[in-house]
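Visitor: I am new to protein structures. Please show me how to read the features of this one.

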Amino acid sequence: MRRPVEMPAILTLRRAGKADVDRVVQIESEGFLHPWSRQLVERELDHSWSVLLLAEDGAGGPVMGYVVFWVVHDEVHVLNVATALAARRRGIGRTLMEAAEAEGRQRGARLSTLEVRRSNTPAIALYVAMGYREVGVRPNYYAEEREDALVMVKPLGGSPETVP
């Protein structure tokens, strides 16, 4: 039986800075078999097209999750979204995804794309519930496990028929 989902009292979103890299790397190591390195996380802070957005429990509270996404031309591309192990199933991932989409819309994006492990059924269920649909497969995208990635897209405005 599932336990009730406990929502944080206030979820604050903010952009990450260099001082946040350790926490992002910690969440990475909790959630992924092959987590991003410190250098990869730091590099995302240096590009104008890349956004690393954090979710904090309250204003200035602990970082509970993050999303890394790029806004390039008319597209948001979600690279990574993760929630701290102790904070899962509270809607934090959805909130971060919605924030990435909103920023993309503000910057003129009309489409959001992402890749997800074929075996990551909880994430796939979230993305489908948010309006993403599968449009392709990248064979062996996750090379270490020889696992395919599903390519998913969501229109951010205009007609869904404009999505490839």
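Visitor: Which side chain does a polar contact join to histidine 77?

Guide: First, the ground rules. This is a predicted model, where local features need pLDDT of at least 70, side-chain atom pairs count only at pLDDT 80 or more, and totals for chains, interfaces and linings use all residues. Residues are numbered from 1 along each chain as its sequence is written, and side-chain values use heavy atoms, with hydrogens and water left out. Now the idea. A polar contact is a pair of N or O atoms within 3.5 Å; within protein, one must be able to donate a hydrogen and the other to accept it, and residues adjacent in sequence count only if both atoms are side-chain atoms. Here the partner is threonine 113, and the two side chains are joined at 2.7 Å.

Visitor: Where is histidine 77, and is it buried or exposed?

Guide: Helices (H or I, at least four residues) and strands (E, at least two) are DSSP runs, numbered from the N terminus. Histidine 77 sits in strand S4, residues 75-83. Histidine 77 counts as buried because its relative accessibility is 17%.

Visitor: Which residues does histidine 77 touch?

Guide: Contact means heavy atoms within 4.5 Å. Leave out residues up to four places away in sequence, and histidine 77 touches Val68, Phe69, Trp70, Thr113, Leu114 and Glu115.

Visitor: How do I read a polar contact that uses the backbone? Take arginine 90.

Guide: Look for a backbone atom on one side. A polar atom of the arginine 90 side chain lies 3.1 Å from the backbone oxygen of alanine 86. Arginine 90 is in the loop between S4 and H3. Its relative accessibility is 17%, so arginine 90 counts as buried.

Visitor: How do I read strand pairing? Which way do S1 and S2 run?

Guide: Two strands pair if DSSP finds at least two bridges between them. Strand S1 (residues 11-15) pairs with S2 in the antiparallel sense, over 5 bridges. In this pairing leucine 11 stands opposite aspartate 57 in S2.

Visitor: How many bridges join S2 to S3?

Guide: There are 7, and S2 and strand S3 (residues 63-72) run antiparallel. Serine 50 has tryptophan 70 in S3 as its bridge partner. S2 and S3 form a hairpin with 5 residues between the strands, where glycine 58 takes a positive phi near 80 degrees. Strand S2 (residues 50-57) is mostly covered, with 7 of its 8 residues buried.

Visitor: Which strands does S7 pair with?

Guide: S7 is joined to S5 by 7 bridges, running antiparallel. Leucine 114 has methionine 152 in S7 as its bridge partner. S6 and S7 are also antiparallel, over 6 bridges. There, arginine 138 stands opposite alanine 149 in S7. S7 is mostly covered too: 7 of its 9 residues are buried.

Visitor: What is the phi of arginine 146?

Guide: Most residues other than glycine have a negative phi, and most peptide bonds are trans. Arginine 146 has a positive phi near 55 degrees. This residue is in the turn of the S6 and S7 hairpin, which has 4 residues between the strands. Arginine 146 is exposed because its relative accessible area is 65%.

Visitor: What about asparagine 140?

Guide: Asparagine 140 also has a positive phi, near 55 degrees. Its place is in strand S6. With 39% relative accessibility, asparagine 140 counts as partly exposed.

Visitor: Now pockets. What is the volume of the largest pocket?

Guide: Rolling a probe the size of a water molecule over the atoms shows where empty space is left. On a 1 Å grid over the protein atoms alone, a pocket is an open set of points where a 1.4 Å probe fits, with protein on both sides within 12 Å along at least five of seven lines; lining residues have an atom within 4 Å of a point. The largest pocket has a volume of about 1,200 Å³. It has 35 lining residues, and the closest to its centre are Phe32, Val81, Asn120, Ala123 and Tyr127.

Visitor: Which element gives the largest share of the lining?

Guide: S4 does, with 7 residues.

Visitor: Where does alanine 123 lie?

Guide: Alanine 123 is in helix H4. Its relative accessible area is 12%, so alanine 123 is buried. Its C-alpha atom is 9.0 Å from that of glycine 93, 30 residues apart along the chain.

Technical notes:
Buried < 20%, exposed > 50% of the residue type's maximum accessible area, 1.4 Å probe, protein only. Points joined across faces, edges and corners; volume = space filled by probe spheres on them.
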